Amino acid sequence: MSGSDVAINIDKVVKRYGSFTALHGVSLDIRADEFFTLLGPSGCGKTTLLRSIAGFEAVNEGAIRLYGEDIAALPPHKRPVNTVFQHYALFPHMTVLENVMFGTLRLGWSRQESEQRARQVLALVQLSDFLKRKPGQLSGGQQQRVAIARALAPRPKVLLLDEPLSALDLKLRQAVRGELKQLQRETGIAFVFVTHDQEEALTMSDRIAVMSDGRVQQTGTPREIYEAPLNRFVAGFIGETNLIEVEVLEMRGGRATVRLPGGQDLTCPAAPGARLGAGHVSLRPERVSLCPPGSGDIRAQVENQVYLGTDIQLLTRLPDGEPMVVRVQNSDADNLPGLGAAVGLKLEADAARLLAD
């Protein structure tokens with residue numbers, strides 16, 4: 001990635017609060033035209049990192065550069081970035097148009113220039129018909145779009161979004177996801193999005209950084225993160241997976257031969273850093289199918305069935321007692337084995353992946 005392609009360069013950033021370290025030497029490059037997501041559980045450091053980019057938190061070590069310029073000494077209002085927060089913070093006594101004009105007027109824009117720009121961004125978020133309404137007359141999704149328009153009005157080089165959809169109900173959240181992604185494409189600027197919702201991250205992002213305990217565990221496209229997790233944390237946090245203890249017998253050319261709990265040997269892809277000896281493989285439930293007992297790759301026994309609408313989740317138990325979740329289409333519901341039945345489990349080619357830890 002060339003320097004001109006990088007919007008934000010985060011270089012070995014450390015953030016401490018007294019004796020607690022929130023960020024442990026985090027390094028990331030965020031491209032100039034991508035939708036980049038910081039994903040992780042509460043307390044993992046993702047919001048601290050976003051606030052450090054915005055200038056609301058001063059870092060103890062490392063550097064944050066915006067298009068090659070070190071912005072550590074710049075206060076928040078002088079950084080060419082804007083932030084959309086979880087709570088919209090709209091002025092209830094102002095109209096939609098006045099809310100969006102507020103920031104640019106504070107920056108010294110003329111009233112004519114500020115109104116022209118406000119109308120432009122409100123058209124971009126499809127709110128041109130609501131200019132004279134007050135925030136209290138809008139739905140939650142419309143208020144969120146006003147907040148986004150206000151953040152876009154000063155033409156920031158980067159837009160930061162701190163869990164902006166978490167206050168919306170499920171249907172509205174799903175609708176706004178698509179609007180946000182389309183907006184990012186139309187503006188052509190970098191969006192940095194913070195969320196703990198893996199579905200949001202997978203459906204909206206060009207790339208994702210998965211964080212845990214103040215560290216970046218893995219960075220990649222949604223497909224790379226889901227299909228090729230590096231370690232147990234990433235595999236378990238992104239989607240649903242089976243983590244199976246195995247004995248790693250051989251490593252060669254990015255592949256490993258492992259011994260499954262039932263004694264069968266399996267060759268599968270290996271994550272960088274995987275080692276011989278005890279290990280774990282990740283196996284997604286949708287890549288396992290049922291077959292008659294005595295056949296397939298693994299022997300198991302059915303313990304429970306859970307109806308999930310589009311598919312059915314089967315909880316099975318391996319010979320050594322480890323659980324194994326299998327997902328099947330609900331169209332097969334009438335042909336499923338009963339509770340307590342012995343079954344074989346067939347793995348898709350390269351469905352299992354040996355993890356680094």
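Which side chain does a polar contact of 3.3 Å join to that of E57? The partner is the side chain of Y17, as set out in the second of the legends below, which describe a predicted model.

**Figure 1. Overview of the predicted protein chain.** The chain comprises 357 residues, of which buried residues make up 48%. Eight helices and 20 strands are assigned in the protein chain. Taken along the principal axes, a box of roughly 80 × 45 × 35 Å is filled by the C-alpha atoms. Of the contacts between residues at least 6 apart in sequence, 66% join residues at least 24 apart.

Figure 2. When residues up to four places away in sequence are not counted, E57 touches K15, Y17, T48, R51 and S52.

**Figure 3. The largest pocket and its lining.** This pocket has a volume of about 770 Å³. Its lining consists of 24 residues, and V81, N82, T83, G103 and P154 are those that lie nearest the centre. By residue class, the lining divides into 15 nonpolar, five polar and four charged residues. At least two lining residues are supplied by each of β6 (81–84), α2 (96–106) and α4 (140–152). Among the contributors, β6 gives the most, with four residues.

**Figure 4. The largest nonpolar core.** This core contains 34 residues, and V100, L122, L159, L180 and F191 have the most contacts inside it. Two or more core residues come from each of α2, α3 (111–124), α4, β7 (158–162), α5 (170–187) and β8 (190–195). The largest share, six residues, is contributed by α4. Apart from this core lies another, of 29 residues, which includes V246, V302, M324 and L347.

**Figure 5. Contacts of F191.** F191 is one of the residues with the most contacts inside the largest nonpolar core. Leaving out residues up to four places away in sequence, F191 touches E34, F35, F36, L159, L161, L180, L183 and Q184. Among these neighbours, L159 and L180 are also listed with the most contacts inside the core.

Definitions and conventions
Residues numbered from 1 in each chain as written. Predicted model: local features only at pLDDT ≥ 70, side-chain atom pairs only at ≥ 80, totals over all residues. Heavy atoms only, no water. Polar contact = N/O pair within 3.5 Å; in protein donor to acceptor, adjacent residues only side chain to side chain. Contact = heavy atoms within 4.5 Å. 1 Å grid on protein atoms, 1.4 Å probe; cavity = no way out; pocket = protein on both sides within 12 Å on 5 of 7 lines; lining within 4 Å. Points joined across faces, edges and corners; volume = space filled by probe spheres on them. Nonpolar A, V, L, I, M, F, W, Y, C, P; charged D, E, K, R; others polar. Core = buried A, V, L, I, M, F, W, Y, C linked by side-chain atoms within 4.5 Å. Buried < 20%, exposed > 50% of the residue type's maximum accessible area, 1.4 Å probe, protein only.
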